[in-house]
Amino acid sequence: MKYTVMFHEFAQRSIQQFIGMYGPPRTVIEIGCFEGHTTFGLTELMVQSNPNYKHYAIDPYDMSDDLPLDVLNEAGQLFMSNLEEFEYKDNVEFIHDTSWNGLLKLLHRGVKADLIYIDGDHRAETVLEDLVLSFHLIDVGGVILCDDSVSWKHQDKDKRFNLQSSPKLAVDNFIQCNWDKVEVLTLNNGYQTAFRKIK
């Protein structure tokens with residue numbers, strides 16, 4: 001396995017916290033995989049206690065507000081290379097598509113998840129779409145974890161402030177719209193937001 005960037009430190013801590021609170025997830029959906037560090041690290045951990053663990057990884061590798069296309073292409077190639085040599089690759093299903101299409105495919109298949117990790121397109125409009133579809137896919141009692149969703153601040157490549165490129169706008173509004181259906185969880189980091197579906 002090869003990685004050039006380790007993005008998942010905060011996600012790892014958050015997921016370990018959820019496992020301690022609710023037990024290990026049986027099915028995870030991950031939106032935005034990059035090179036697969038979270039995908040393969042979490043799968044390897046979960047398979048030890050549950051050989052039937054399933055991990056759905058969704059990424060189109062075709063656009064980003066923050067990363068150039070060549071970086072995305074290299075990340076996608078590295079993900080596929082890592083997947084090919086991964087010992088537990090049968091537990092991972094890669095969906096090479098946008099999160100909208102990928103989540104709809106899983107919905108139509110009747111997939112239900114215990115944990116959904118949203119770390120894809122950071123534009124508020126896309127994050128809101130991801131949240132709406134994910135809420136239909138998450139089981140009652142399951143957790144949705146959203147990356148980079150604590151700060152309202154976001155600067156584009158020209159250093160201009162852009163509120164609509166912050167996931168926080170979508171996450172806060174989604175939680176408010178579903179306040180009676182979620183339990184907001186306190187995390188031990190300042191980068192992510194998580195909530196549990198209670199009904």
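Contact here means heavy atoms within 4.5 Å. With that in hand, let's look at one corner of this predicted model.

**Helix H6 and its surroundings**

Start with helix H6, which covers residues 167–177. Its buried residues are Pro167, Lys168, Ala170, Val171, Asp172, Phe174 and Ile175. What sits over them? The cover includes helix H5 along with strands E5 (138–146), E6 (182–185) and E7 (193–197).

**How H5 meets H6**

H5 spans residues 124–137. It packs against H6 at an angle of about 35°, and the two axes lie 7 Å apart. The crossing of H5 past H6 is right-handed. Here's who touches whom:

| Helix | Residues in the contact |
|---|---|
| H5 (residues 124–137) | Ala124, Val127, Leu128, Leu131, Val132, Phe135 |
| H6 (residues 167–177) | Pro167, Leu169, Ala170, Val171, Phe174 |

Sort the residues of this contact by type and you get eleven nonpolar, no polar and no charged. As for spacing along a helix, an α-helix has 3.6 residues a turn, so residues three or four places apart point the same way.

**A cavity**

How many cavities of 30 Å³ or more turn up in a search of the whole structure? There is one. The largest cavity has a volume of about 50 Å³. Val127 and Pro167 come up again here, as both are in its lining. By type, the lining of the largest cavity splits into four nonpolar, two polar and three charged residues.

How values were computed:
Residues are numbered from 1 along each chain as its sequence is written. This is a predicted model: local features need pLDDT of at least 70, side-chain atom pairs count only at pLDDT 80 or more; totals for chains, interfaces and linings use all residues. Side-chain values use heavy atoms; hydrogens and water are left out. Axes are lines fitted to C-alpha atoms, for helices over the stretch in contact, and angles run from 0 to 180 degrees between N-to-C directions. Helices (H or I, at least four residues) and strands (E, at least two) are DSSP runs, numbered from the N terminus. A crossing is left-handed if the near helix is turned anticlockwise from the far one by less than a right angle, and right-handed if clockwise. Ala, Val, Leu, Ile, Met, Phe, Trp, Tyr, Cys and Pro count as nonpolar, Asp, Glu, Lys and Arg as charged, and the others, Gly among them, as polar. Buried means under 20% relative accessible area, exposed over 50%, partly exposed in between (1.4 Å probe, protein chains only). On a 1 Å grid over the protein atoms alone, a cavity is a set of points where a 1.4 Å probe fits but cannot get out, and a pocket is an open set with protein on both sides within 12 Å along at least five of seven lines; lining residues have an atom within 4 Å of a point. Grid points are joined across faces, edges and corners, and a volume is the space filled by probe spheres set on the points.
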